[in-house]
Amino acid sequence: MKVLYFAWVRERVGKAEEALDPPPAVATVADLIAWLSQRGEEYAYAFEKPKVIRAAIDRMHVNQDTVIAGAREIAFFPPMTGG
Amino acid sequence: MTVPITIRLQEADFDLAHEVAALSRGRTDIGAVVTFSGICRGDEDGEAIAALTLEHYPGMAEAEIARHAEEAVSRWPLTGITVIHRYGRIVPGENIVLVVTASSHREAAFQGAEFLMDYLKTKAPFWKREEGASGSGWVDAHDRDDTAAARWAKP
């Protein structure tokens with residue numbers, strides 16, 4: 001799946017997007033955040049406050065208990081500040 | 001009749017009068033047009049701002065605004081909507097966002113515009129980075145914007 005990062009999540013991770021293939025045990029958005037956090041200190045820093053992080057699957061907002069099976073594109077970002 | 005909905009994300013500035021004319025030209029069913037412009041302020045909490053840089057999620061931003069425009073049309077008797085949101089670097093005094101709503105009567109146009117702005121603030125995937133005198137940083141989301149959006153939640 002393609003994983004995208006925006007705003008300070010992108011800056012902390014150090015990249016805008018990457019292709020990832022998490023193990024089957026990573027079932028939900030929250031699981032994916034926990035799995036990403038183990039991938040290195042830049043990820044641990046980006047996801048240090050997981051409750052703050054917002055997520056979208058295939059360009060729709062989702063809660064962190066959403067199952068990720070079948071997702072093509074998952075995005076992580078801070079609370080939005082547009083308008 | 002299908003309600004004309006125009007949504008544009010762009011780096012360039014926009015012209016409010018031009019957009020209102022484009023929405024209402026040649027039509028006699030419109031009795032009210034409400035416009036909201038969001039403009040870059042020169043200070044935030046007393047600190048001077050040199051510029052804002054707006055980042056967005058291409059693809060999702062358009063889709064999210066379109067979903068809310070469709071919802072506005074389903075909730076109020078609107079006869080036209082235009083939403084333009086800029087991205088990139090914007091300096092104080094410049095436009096950031098435009099919402100135009102048209103209807104036969106003013107109430108729907110006012111409410112539709114407020115609804116769209118409250119949702120743009122909290123749900124449209126845009127993020128502001130501020131350049132100030134003491135460096136730059138990402139703007140924090142405000143609870144007051146969530147409160148404003150929550151009042152439109154359906155029971």
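Predicted model: local features only at pLDDT ≥ 70, side-chain atom pairs only at ≥ 80, totals over all residues.
Residues are numbered from 1 along each chain as its sequence is written, and chains are lettered from A and ligands numbered from 1 in the order in which they are written.

Q: Which element gives the largest share of the side of chain B that touches chain A?
A: Residues are in contact if their C-beta atoms, placed from the backbone, lie within 7 Å; the contact takes 14 residues from chain A and 22 residues from chain B. On chain B, β4 (47–56), α2 (60–75), α3 (106–123) and β8 (126–132) each supply at least two, where helices (H or I, at least four residues) and strands (E, at least two) are DSSP runs numbered from the N terminus. The largest share, five residues, comes from α3(B).

Q: How far apart are the end C-alpha atoms of α2(B)?
A: The expected span of a helix is 1.5 Å times one less than its number of residues. For the 16 residues of α2(B) that gives 22 Å, and the model agrees, because the end C-alpha atoms are separated by 22 Å.

Q: Is A:Ala55 buried or exposed?
A: A:Ala55 lies in strand β3 of chain A. A residue is buried if 20 or more other C-beta atoms, placed from the backbone, lie within 10 Å of its own, exposed if 12 or fewer, and partly exposed in between. A:Ala55 has 20 within 10 Å, so A:Ala55 is buried.

Methods: Contact = placed C-beta atoms within 7 Å.
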